[in-house]
Amino acid sequence: MDNKEKVLGWIDENQEHIVDLLVKLIRIPSVNPYFGEKDEEAREGRVQTAIKEYMEDLGAEVDMWEPDVEGLSKYEGYPGYSRDFDPKDRPNVVATVKGTGNGKSIALMGHVDTVAKGTQWSADPFGGEIRDGAIYGRGAIDMKGGVAAMMAALESIVRSGVKLCGDASVVTVAAEENPGIGTLAYVDKGYRPDACIMTEATELKISPLCR
């Protein structure tokens, strides 16, 4: 069995586990404070801590930090920066599985903040209910679904015993919905993977935008 078959086989055998991962992420509210939700539903710290612990369990090296607003002030006037941003309990996470060497690096990247929970739900917006083959919850598509997929992608490689030549990272940033400073902080810190897959739900359309 080649490496690809090993990885895809693990995914096929662990579908319920992957779905459960997404449900757990939905059940940790992480609404961007910009939308004015109550404190217990806002900020990304809790879900980022859960992601950090999950990836550490896989043996990943984890870098977790809150954006330095003053240090990033050199980008004032550029997309993503806001002097009014409050970084408290709003960290970024970079979880890296090191390669064996001599390979190119890749980042699987997404954001963990969501928009407001909204109204007129037929299910608990933070319940992660599974009904008729669909998962209901704030952020299921935008974009905890993508985050769960990329975490599971790296997990499938690790659990299958496959060794990559290059480093592979799961990158989850804060504050994408407003103002975009999480990604700015990631780039400013010097991260330069050879390739990046953004798991935003764009139906594979290239979308070079920033709020």
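Which hand does the crossing of α3 and α4 have, left-handed or right-handed? The crossing is right-handed, and view A gives its details.

The model is predicted; local features need pLDDT of at least 70 and side-chain atom pairs count only at pLDDT 80 or more, while totals for chains, interfaces and linings use all residues. Residues are numbered from 1 along each chain as its sequence is written, and side-chain values use heavy atoms, with hydrogens and water left out.

**View A. Packing of helices α3 and α4.** Helix α3 covers residues 45-57 and helix α4 covers residues 144-159. Helices (H or I, at least four residues) and strands (E, at least two) are DSSP runs, numbered from the N terminus. The two helices pack at an angle of about 15°, with axes 10 Å apart. This makes α3 roughly parallel to α4, a term for angles under 35 degrees, with over 145 counting as roughly antiparallel, 65 to 115 as roughly perpendicular and the rest as oblique. Axes are lines fitted to C-alpha atoms, for helices over the stretch in contact, and angles run from 0 to 180 degrees between N-to-C directions. A crossing is right-handed if the near helix is turned clockwise from the far one by less than a right angle, and left-handed if anticlockwise. Contact (heavy atoms within 4.5 Å) involves residues including V47, I51 and Y54 of α3 and V147, M151 and E155 of α4.

View B. E155 belongs to helix α4 and is buried at 3% relative accessibility. Buried means under 20% relative accessible area, exposed over 50%, and partly exposed in between (1.4 Å probe, protein chains only). Apart from neighbours within four places in sequence, E155 contacts W10, H17, Y54 and L58.

**View C. The ring cluster of W65, Y186 and Y191.** Ring pairs join these three residues into a cluster. Rings of Phe, Tyr and Trp (its six-membered ring) pair if their centres lie within 6.5 Å; planes under 30 degrees apart are stacked, over 60 edge-to-face and the rest tilted. W65 and Y191 are stacked, 6.1 Å centre to centre with 25° between the planes. W65 lies in strand β1 and Y191 in the loop between α5 and β7, so the pair ties together parts 126 residues apart in sequence. Y186 and Y191 are also stacked, with centres 5.0 Å apart and planes at 5°. W65 is buried at 14%, Y186 is buried at 6%, and Y191 is partly exposed at 25%.

**View D. Charges over rings.** K189 lies over the face of W65, 4.0 Å from the ring centre. R131 lies over the face of Y136, at 4.3 Å. The rule asks for NZ of Lys or CZ of Arg within 6 Å of the ring centre and within 35 degrees of the ring normal.
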